[in-house]
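Student: Can we go through this model together? I'd like to start with the backbone and then move on to packing.

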Amino acid sequence: MNLKSFIAPHLLGLKPYSNARSEFKGVASVWLDANENPFDKEFDNQINRYPDPLQTKLKKELGTIYGVDSESIFLGNGSDEAIDMVLRLFCVPGQDQVVVQPPTYSMYEQTAAIQNVAVLSCPLNPSFQANLKELKRIIEAEKPKLVFFCSPNNPTGNDMRLNDIEEILRLKQCIVVVDEAYAEFSEQSAINLLQKYQNLVVLRTLSKAFGLAGLRVGVAIASPEIIDFLNTIKPPYNINQLSQLEAHRQISSGRWKGHIENLINERNKLYKALNESGYFESVFPSNANFILVETSRAKELYRNLTQLGIVIRDRGAQVKNTLRISVGTQEENIQLLKAINTFYNEKG
């Protein structure tokens, strides 16, 4: 497969930003290359120095977790930067198109619009799975550069079928982007498909399962060839020093493994309580860290909860009469359930 045929032509000859530290091999004790302030040395975190532009140490740790070589990992300032970079790499503004499958994460369409890339919509079927027949028709007729899958899907919470994703990959007519921001709460991943398909990009994040949303570290996993191109077009120091250091510290601690287990347990308990309450027309099964519920009184319930200081998400614009509830701590979930129970008992 010729990956370069998918790259935006004006980027094919681009050379990456060069700095002396990337070029230097060996051990140095005097750094006089980057016009930094040399006097603030009392901090152990070396914030007076520019960070590692390729985040070498952090990528090796993540490679071990994801089961891939570090050369297959790109790190962005949150997954949103990874989405932005993938669009920049493959799409020519005003010329190329991408496919989204609503209801889904809105930043695919938002980022494409910012870059003047046309968006084609292929809505999911009533089971919130890919409409394969229509998706294939769009790919064949419109020749989009990218097709986005979100699995587990936001806001519905369900896994997308891997067989469907692979069927689109086998066409080899586009780059398939699988956003797995919530995959740690699921039991499936498209990462293993990278061994078979060069036209696959898998997105991950440290914001959800790792509990590091404030650090803004997103991940793209792809063939080394795609990663090389992403590193060429990214800003040189896109992950700051403090984020790199703290992400390393948190990942090394291993505490995130227990957090994932706790969140899954709390999700299952919350789903059971919501489903058995009888208050909702639908409580959708979830493989993420949130639950989507359907109620004809969605807006009224939403307003009531916000007045009590409980903030959830109104997703009615994407899926009619729905609310998306993030899984909280046991105490937060109990508080939520009590508020919902009071609302329905008092309001009738």
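This is a predicted model: local features need pLDDT of at least 70, side-chain atom pairs count only at pLDDT 80 or more; totals for chains, interfaces and linings use all residues.

Student: Where is asparagine 321 found?

Tutor: In the loop between strand S10 (313-314) and strand S11 (322-326). Its phi is positive, about 60°, although asparagine 321 is not a glycine.

Student: What is phi of lysine 172 near?

Tutor: Near 55°, again a positive value in a residue other than glycine. Lysine 172 sits in the loop between H6 and strand S5 (175-179). With a relative accessible area of 47%, lysine 172 is partly exposed.

Student: Peptide bonds next. What is the peptide bond from proline 102 to proline 103, cis or trans?

Tutor: That bond is cis, with omega near 0°. Proline 103 belongs to the loop between strand S2 (97-100) and H4. Another cis peptide bond joins asparagine 154 and proline 155, where omega is about 25°.

Student: And where is the place of proline 155?

Tutor: Proline 155 is in the loop between strand S4 (146-150) and H6.

Student: At what angle do helix H5 and helix H6 pack?

Tutor: Helix H5 (residues 132-142) and helix H6 (residues 162-171) pack at about 20°, and their axes are 11 Å apart. Since an angle under 35 degrees counts as roughly parallel, H5 and H6 are therefore roughly parallel to each other. Their crossing is right-handed.

Student: Which residues in H5 and H6 meet?

Tutor: From H5, Leu132, Leu135, Lys136 and Ile139; from H6, Asp164, Glu167, Ile168 and Leu171. Sorted by class, that contact has five nonpolar, no polar and three charged residues.

Student: What about H2 and H8, at what angle do the axes cross?

Tutor: At roughly 30°, with the axes of helix H2 (residues 56-66) and helix H8 (residues 241-253) coming within 10 Å. That angle makes H2 roughly parallel to H8. The crossing of H2 and H8 is left-handed.

Student: Which residues make the contact of H2 and H8?

Tutor: H2 contributes Lys57, Leu58, Glu61, Leu62 and Ile65, and H8 contributes Gln244, Ala247, His248, Ile251 and Ser252. They divide into five nonpolar, three polar and two charged residues.

Student: Why would residues a few places apart on a helix point the same way?

Tutor: An α-helix has 3.6 residues a turn, so residues three or four places apart point the same way.

Student: How many residues of helix H7 are buried?

Tutor: Seven of the ten residues in helix H7 (residues 224-233) are buried, so H7 is mostly covered. The buried residues are Ile226, Ile227, Phe229, Leu230, Asn231, Thr232 and Ile233. They pack against H2, strand S1 (73-76), helix H3 (79-90), S6 and S7.

Student: Single residues now. Where does leucine 212 lie?

Tutor: Leucine 212 is in the loop between strand S6 (200-205) and strand S7 (218-221). At 8% relative accessibility, leucine 212 counts as buried. Neighbours within four places in sequence aside, leucine 212 is in contact with Leu206, Ser207, Ala247 and Gln250. Ala247 is also one of the H8 residues in the contact with H2.

Student: And glutamate 266, buried or exposed?

Tutor: Glutamate 266 is buried, with a relative accessible area of 12%. Its place is in helix H9 (residues 255-277).

Student: What does the side chain of glutamate 266 make a polar contact with?

Tutor: The side chain of asparagine 333, at 3.2 Å. Not counting residues up to four places away in sequence, glutamate 266 touches Val327, Gly328, Thr329, Gln330 and Asn333.

Student: Last one: which residues does methionine 107 touch?

Tutor: Asp80 and Ile83, with residues up to four places away in sequence not counted. Methionine 107 lies in helix H4 (residues 107-114) and counts as partly exposed at 23% relative accessibility.

Notes
Residues are numbered from 1 along each chain as its sequence is written. Side-chain values use heavy atoms; hydrogens and water are left out. Helices (H or I, at least four residues) and strands (E, at least two) are DSSP runs, numbered from the N terminus. Buried means under 20% relative accessible area, exposed over 50%, partly exposed in between (1.4 Å probe, protein chains only). A polar contact is a pair of N or O atoms within 3.5 Å; within protein, one must be able to donate a hydrogen and the other to accept it, and residues adjacent in sequence count only if both atoms are side-chain atoms. Contact means heavy atoms within 4.5 Å. Axes are lines fitted to C-alpha atoms, for helices over the stretch in contact, and angles run from 0 to 180 degrees between N-to-C directions. Angles under 35 degrees count as roughly parallel, over 145 as roughly antiparallel, 65 to 115 as roughly perpendicular and the rest as oblique. A crossing is left-handed if the near helix is turned anticlockwise from the far one by less than a right angle, and right-handed if clockwise. Ala, Val, Leu, Ile, Met, Phe, Trp, Tyr, Cys and Pro count as nonpolar, Asp, Glu, Lys and Arg as charged, and the others, Gly among them, as polar.
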